[in-house]
Amino acid sequence: MTEIVNAGREQVHVVEEGPPGGPPLLVGSGLGGAWFDWRPSTDLLRDRHRVVVFDRPGLGLSPAAQAPPSLRRDTGVLAALAERERRPVTLVAHSMAAFHAEALARLRPELVQGLVLVDPSCEHEPRVPVRISPLVTPVATAAGALLGVTRLARVVGPLGRRLVLKRTSVRDEPVSGDVVRSVYGRGTVLGTVVAEEAAYREMAADLEDVRKRRPFPPVPMVVLTALGDVEGGKAREWAEGHRRLAEMSPHGSQVELPDARHMVQLDRPDAVADAVAAVLGHPAEAAG
């Protein structure tokens, strides 16, 4: 089922699959991502799980956002979607979406049964001397609207998507070119991608503040580390950062994937499915 739902003060596009009584999975994409990035993974999960994949405000097929991207806004959206399930959910989060998943686990542990972090963003001691996103977001929104009106978005967006996917995955698009164009040909999406990029380090810094105030709950967690597009010292640094994330939970573990690039959900959907099984198969402790 596909629908637009209210999530706090925002509206988001949601795709729901699987048996209503199955273990609920709430799935979020990385910066600029769309619901169809998860198609190979949801194909392996939907028979046994209730899989809810959503597009953040302004991305995918979600309407334009009411508020600019921020850790607070996007954690609030995630919380509202989790509350719809009326039972704790397993969060499956790729890249930047891991910021929001971790923040929700710390701030609202009663909503979270476990986490699967898919090649998550990892910033060590992020600092933001000046916050630029409040200035960039209105400009990005206006630029996106202009690209949409002039139809340039239909050229620029799909081309940018192809270039990014070429670097981050060994696979082709999981959907038809028409579907890709229907998403990345939207001026709203292009403006939102720029706005999220501007807010990225601010979200990392805000998450660091949350870490100082709220402990991570003792829930099972698997961190998937893609090493197929990083080399040498950078690969070691990336893997080490993910090891630290896994160690936040007494029931955390890390899986390194030498053959996968950043879009693990496309390159290794089996690893995503295995991680979900590991999290759901682990008895979670009661969160305080």
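Predicted model: local features only at pLDDT ≥ 70, side-chain atom pairs only at ≥ 80, totals over all residues.
Start inside. In soluble globular proteins, nonpolar side chains tend to be buried together. Here the largest nonpolar core holds 32 residues. Within that core, L26, L81, L91, L115 and L117 have the most contacts. Helix α2 (residues 71-84) gives this core its largest share, six residues. Look at L26 for a sense of the packing. Leaving out residues up to four places away in sequence, L26 touches V52, F54, L78, L81, A82, V89, T90, L91 and V92. Another core lies apart from the largest one. That other core has 30 residues, including V27, V92, V264 and V279.

Next, the aromatic rings. A pair of aromatic rings is described by the distance of the centres and the angle of the planes. The whole structure contains three aromatic pairs. In one of them, the ring centres of W35 and F36 are 5.1 Å apart. Their planes meet at 75°, so this pair is edge-to-face. W35 is buried at 16% relative accessible area, and F36 is buried at 1%. F99 and Y200 make a tilted pair, with 5.4 Å between centres and 45° between planes. This pair links distant parts of the chain. F99 sits in helix α3 (residues 97-107) and Y200 in helix α7 (residues 187-213), 101 residues apart. Both F99 and Y200 are buried. W35 and F36 also belong to an aromatic cluster with Y184.

Now the charges. Side chains of opposite charge can pair when their charged atoms come close. The model has 26 salt bridges. One of them joins E17 to R39, with the closest N and O atoms 3.2 Å apart. E17 is in strand β2 (residues 10-17) and R39 in helix α1 (residues 39-45), so the bridge ties together parts 22 residues apart in sequence. E17 counts as buried, at 17% relative accessibility. R39 is partly exposed, at 23%. E247 and R243 also form a salt bridge, at 2.3 Å from N to O. R243 is partly exposed, at 31% relative accessibility. D259 pairs with R268, and their closest N and O atoms are 3.1 Å apart. D259 is partly exposed, at 48%. Elsewhere, salt bridges with shared partners join E3, E16, R50, R84 and E85 into one network.

Finish at the surface. L152, V155 and V156 form a nonpolar patch there. Together they have about 260 Å² of accessible area. L152 is in the loop between α4 (133-149) and α5 (153-168). Its relative accessible area is 46%, so L152 counts as partly exposed.

Key:
Residues numbered from 1 in each chain as written. Heavy atoms only, no water. Patch = residues over 30% accessible without salt bridge, like charges linked within 9 Å, V, L, I, M, F, W, Y side chains within 5 Å. Areas by Shrake-Rupley, 256 points an atom, 1.4 Å probe, with all protein chains shown as cover. Salt bridge = Lys/Arg side-chain N within 4 Å of Asp/Glu carboxyl O. Helix = DSSP H or I, 4+ residues; strand = E, 2+ residues; numbered from the N terminus. Buried < 20%, exposed > 50% of the residue type's maximum accessible area, 1.4 Å probe, protein only. Core = buried A, V, L, I, M, F, W, Y, C linked by side-chain atoms within 4.5 Å. Contact = heavy atoms within 4.5 Å. Phe/Tyr/Trp six-rings, centres within 6.5 Å; stacked < 30°, edge-to-face > 60°.
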